[in-house]
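Subject: Structure handover

Hello,

Here is the structure you are taking over. Please look through it first; notes on what was found follow below.

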Amino acid sequence: MKREQKKQQILAHAAEHFSRFSFQKTTMQDIAGQMGMTKGNLYVYFESKDAIYRQVVEQELIKWRTYAAAQAMDIADPVQKLYTLCEAAFSYIHDCALLRGLARFDPGIFSISRRDDRFKQINKGAAGLLRDTLEEGMRAGVFIEMDLEIVTRYLFSTYMMLLIQGYAYQFEDVDGTYREFLKIVVRGIIKKGGIRYD
């Protein structure tokens, strides 16, 4: 088996363990045991448990972002594109037990603070999808004029807060809260006289 394939297998087994038992309670021995290898062999592929965890979370966040982007990619209408992007991002996490499990034990993967964001580059890319969609809507004359950087930062951090409350702290009505948030946002940025989507 090639080195990269083995690394991906290790990451897959580690992801399941981190998601079910947490980073703190998962040991290198746990991961090695699932792989049928020695703990020492793991160090051939990864320098530490931290390195494995970081790659696991990065991969999951990239899958999330990629899925949401793919769902909205071919939609021309900015309002529908914004809805689709948000719905896809939300439904992916809702349906992905692995990512929800990681967030339950480590809410910091959905950081609302850029300064403290351990996955800044990945989250910056996700926020960029939102920013681009808002900009498309402004250019099309469908969305009000706004400071794209401030609005993107505000909406993205609010969205992350909803994810933290919903999946890390297991807030009871995350679906309802998310849907109300989305309605308020979209109604607030559509120009008067524009089409409303509910």
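The chain has nine helices and zero strands, and its pattern along the sequence reads α-α-α-α-α-α-α-α-α. Please keep in mind that this is a predicted model. The C-alpha trace spans about 65 × 35 × 30 Å along its principal axes. Of the 198 residues in the chain, 44% are buried. Among contacts with a separation of 6 or more, 66% are between residues 24 or more positions apart.

The core

The largest nonpolar core holds 65 residues, and the members that touch the most others are Ile52, Trp64, Leu99 and Phe110. Which elements give two or more residues to this core? They are H1, helix H2 (28-35), helix H4 (49-72), helix H5 (78-95), helix H6 (97-105), helix H7 (120-139), H8 and H9. As general background, nonpolar side chains in soluble globular proteins tend to be buried together.

Apart from neighbours within four places in sequence, Ile52 is in contact with Ile10, Leu11, Ala14, Phe18, Met28, Ile31 and Phe46.

Gln8 lies in helix H1, which covers residues 3-21. Gln8 counts as partly exposed because its relative accessibility is 33%, between the 20% limit for buried and the 50% limit for exposed. The side chain of Gln8 makes a polar contact, at 3.0 Å, with the side chain of Gln59.

With a relative accessible area of 12%, His17 is buried. Setting aside neighbours within four places in sequence, His17 is in contact with Ser22, Thr26, Asp30 and Gln34.

Ser22, one of those contacts of His17, sits in the loop between H1 and H2. The relative accessibility of Ser22 is 4%, so Ser22 counts as buried. In general, most residues other than glycine have a negative phi.

Thr84 belongs to helix H5. Is Thr84 buried or exposed? Thr84 is buried, since its relative accessible area is 17% and the cut-off for buried is under 20%. The side chain of Thr84 reaches the backbone oxygen of Gln80 at 2.8 Å. Not counting residues up to four places away in sequence, Thr84 touches Gln71, Ala72 and Ile75.

Leu98 is found in helix H6 and is buried, with a relative accessible area of 15%. Leu98 and Ser19 are 79 residues apart in sequence, but their C-alpha atoms are 5.6 Å apart in space. Ser19 is also one of the residues that Leu98 touches when residues up to four places away in sequence are not counted; the others are Ala15, Glu16 and Glu60.

Gly125 is in helix H7. At 25% relative accessibility, Gly125 counts as partly exposed. Gly125 and Thr66 are 59 residues apart in sequence and 9.8 Å apart in space, C-alpha to C-alpha.

Helices H8 and H9

How do the axes of H8 and H9 cross? The axis of helix H8 (residues 148-168) and that of helix H9 (residues 174-189) come within 10 Å and cross at roughly 170°. H8 is therefore roughly antiparallel to H9, as angles over 145 degrees count that way. On the H8 side, the meeting residues are Leu155, Thr158, Tyr159, Leu162, Gly166 and Tyr167, and on the H9 side they are Val174, Thr177, Tyr178, Phe181 and Val185. By type, the residues of this contact divide into eight nonpolar, three polar and no charged.

Regards

Technical notes
Residues are numbered from 1 along each chain as its sequence is written. This is a predicted model: local features need pLDDT of at least 70, side-chain atom pairs count only at pLDDT 80 or more; totals for chains, interfaces and linings use all residues. Side-chain values use heavy atoms; hydrogens and water are left out. Helices (H or I, at least four residues) and strands (E, at least two) are DSSP runs, numbered from the N terminus. Buried means under 20% relative accessible area, exposed over 50%, partly exposed in between (1.4 Å probe, protein chains only). A polar contact is a pair of N or O atoms within 3.5 Å; within protein, one must be able to donate a hydrogen and the other to accept it, and residues adjacent in sequence count only if both atoms are side-chain atoms. Axes are lines fitted to C-alpha atoms, for helices over the stretch in contact, and angles run from 0 to 180 degrees between N-to-C directions. Angles under 35 degrees count as roughly parallel, over 145 as roughly antiparallel, 65 to 115 as roughly perpendicular and the rest as oblique. Contact means heavy atoms within 4.5 Å. Ala, Val, Leu, Ile, Met, Phe, Trp, Tyr, Cys and Pro count as nonpolar, Asp, Glu, Lys and Arg as charged, and the others, Gly among them, as polar. A nonpolar core is a set of buried Ala, Val, Leu, Ile, Met, Phe, Trp, Tyr and Cys residues joined through side-chain atoms within 4.5 Å.
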